[in-house]
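Student: I would like to go through some labels given to this model and check what each one rests on.
Tutor: Then ask about them one at a time.

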Amino acid sequence: MKLEKNHDPHLNAAWIDQFLDNRTPLKEITYETEQYFNAIKKDFATSKYSQQKKTMVQRIWSLFSETFTIEDEHHFKSVVSGNELFPSWKERLDQEYRKLESTITDRVTVTDFGAMGDGMTDSTAAFYRAFGNGAVEVKVPAGVYIVKGLRIPSWTRLVGAGKGKTIIKLHPDAPRRARLLTNRNYIKGNRNISVEHLTLDWHVERLGDREKTSTGNNYSSCLTYSNLTYGWVKDVEALNPGLHCFDITAPLYNYAGDGLRGKGGSQFVWLDGVSGSGFGDDGVTTHHSDYIFVSNSHFSDPSGRAHKKGFSNSNGFEVDDGSRHVWLVNNSSARCFGGVEIKAHADSSAATGVHISGHLSVHDNRSFNFRHIGHHKKDDPQSLSAFNIRAQKLISIEPTETILYKSSSPRCLVVSGYRNVAINRFLFIGDPNYDYKNKPAIAIQYRATCVSLTNGVIENFTTANADVSIAGGEHSANSVRVKNILSIASAKQTVLVGEGSGLVHLEEIRKRSNLFL
């Protein structure tokens, strides 16, 4: 199977159910996942954490940070209606969208203000005249519109004629740090902005042979929402950004240390039907923001040019530093370093409270990668923030080596350092002719604790040393439950438990030598 760049992500839900041969109602699966999560969840006392002395750089970043807390004060849950799953706060977001529509006093077309969709004329000023001070719907007819970067005011809808029909493209003279689209005021913040039915082209070709395409922090992306409350991105394509296709973030990426996060994060943002390729770092990413919902979306084929060649951590979907309460539903990725990565850098708080329901990963290097960098090993400080992942209906097809990150061995799933992780209902398929170099398909490792892996099928990892590896030794995983796993024509060892790992419970582990029995 190969998911092309133009794959229609609205088909993902049907594809995922077909692969899983799923006949169980989504509501029942979601209840089941929640039960497994509650069974392994543990509250860890803060007195057990080892604290690091802050560096001068971290103390400076602390001036722009706030305390990171794990639990959701609103106690939002996943809601299932028929075959659809969404966060319970989506009702609030829907109300705000209706409020946006009722607040709009002008519905205008950008060409009436002098914009030209000829692919040559600088239409930046025309867009700003159309935006005014907001309370406006700006329609953009089919064509290619050249701009030097647009900042959108509150209470604005920007609506094109469809992906590939309406294209907003960066001017050849735009600097490398340019954001193609973003909200207008990062300091005071904005609210109620929607971008719909168009393509965003960051025009990376204008940089020529420049090796690195981004300038640092949260510049150089196609669409950036920063300090935005109530936002939508609907059926938008993003091409070849220097950094990210879509970035939902605070005004600054913050590196004040674990336990802190950046001020002014975005909240209540929904991206649906978005897609992209050629990204220098990640397809869609979140930083220091809460209540983000990404559904029916697809990212593939990153350039990785935001990183040093051969060390590109370019993910289709990344839930990154300081993010909380993020839902990923029925998405897909192909040929990325990570299909879905939930993580943080060593000097930031990890993403917490992430819900995944349905993801199709094809030929990514690490389909599902959960880690807090710098908080893995015995002598590292234990993470204050790497908690609480619920994931169901995951599919990984033939993870493979990649030139993006040459030293990274292929994996379907890696859990490192995170605690309270429940993975339920999955299908992981290897290539029986591929050399997995005696490495496992799934690795639960580096002090991962309270991990549940249930109701899964693993096929065709014939050259792996194990389908599931639970690490022992000084960086051992602990409190791991593996239940109802079927290995078909796969590794000799279905579950390999390392010496020194603690409280490992194995139940209903089955092995079949033939795919067709």
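Student: Why is Ile60 called partly exposed?
Tutor: The model is a predicted one. Ile60 has a relative accessibility of 46%, so Ile60 counts as partly exposed. Ile60 is found in helix α3, residues 56–62.

Student: What makes Met56, Ile60, Leu63, Phe64 and Leu252 a nonpolar patch?
Tutor: A patch takes residues with over 30% relative accessible area and no salt bridge, and nonpolar side chains are joined within 5 Å. Ile60, at 46%, is over that cut-off. Together with Met56, Leu63, Phe64 and Leu252, Ile60 forms a nonpolar patch on the surface, and the accessible area of the five is about 510 Å² together.

Student: Why is Gly338 called buried?
Tutor: Buried means under 20% relative accessible area. The value for Gly338 is 0%, so Gly338 is buried. Gly338 lies in strand β24, residues 338–344.

Student: How far is Gly338 from Asp431 in sequence and in space?
Tutor: The two are 93 residues apart in sequence, and their C-alpha atoms are 18 Å apart in space.

Student: What is the volume of the largest pocket, and which residues are closest to its centre?
Tutor: The volume is about 570 Å³. The lining has 27 residues, and the closest to the centre are Glu34, Phe76, Lys77, His355 and Arg390. Elements that give two or more residues to this lining are α2 (26–40), β2 (78–81), β23 (324–334), β25 (352–362) and β27 (387–397). The most comes from α2, with 6 residues.

Student: How do the residues of that lining divide by class?
Tutor: The lining of the largest pocket has 10 nonpolar, 10 polar and 7 charged residues. Glu, Lys and Arg count as charged, so Glu34, Lys77 and Arg390 go in the charged class. Phe counts as nonpolar, so Phe76 goes there.

Student: What lines the second largest pocket, and which strand gives the most?
Tutor: This pocket holds about 430 Å³ of space. Its lining has 21 residues, and Arg366, Arg411, Val414, Gln445 and Tyr446 lie nearest the centre. At least two lining residues come from each of β26 (366–372), β28 (411–416) and β30 (442–445). Strand β26 gives the most, with 4 residues. By class, the lining of the second largest pocket has 8 nonpolar, 9 polar and 4 charged residues.

Conventions
Residues are numbered from 1 along each chain as its sequence is written. This is a predicted model: local features need pLDDT of at least 70, side-chain atom pairs count only at pLDDT 80 or more; totals for chains, interfaces and linings use all residues. Side-chain values use heavy atoms; hydrogens and water are left out. Patches are made of residues with over 30% relative accessible area and no salt bridge: like charges are joined within 9 Å, nonpolar side chains (Val, Leu, Ile, Met, Phe, Trp, Tyr) within 5 Å. Accessible areas come from the Shrake-Rupley method with a 1.4 Å probe; for residues, only the protein chains shown count as cover. A salt bridge is a side-chain nitrogen of Lys or Arg within 4 Å of a carboxyl oxygen of Asp or Glu. Buried means under 20% relative accessible area, exposed over 50%, partly exposed in between (1.4 Å probe, protein chains only). On a 1 Å grid over the protein atoms alone, a cavity is a set of points where a 1.4 Å probe fits but cannot get out, and a pocket is an open set with protein on both sides within 12 Å along at least five of seven lines; lining residues have an atom within 4 Å of a point. Grid points are joined across faces, edges and corners, and a volume is the space filled by probe spheres set on the points.
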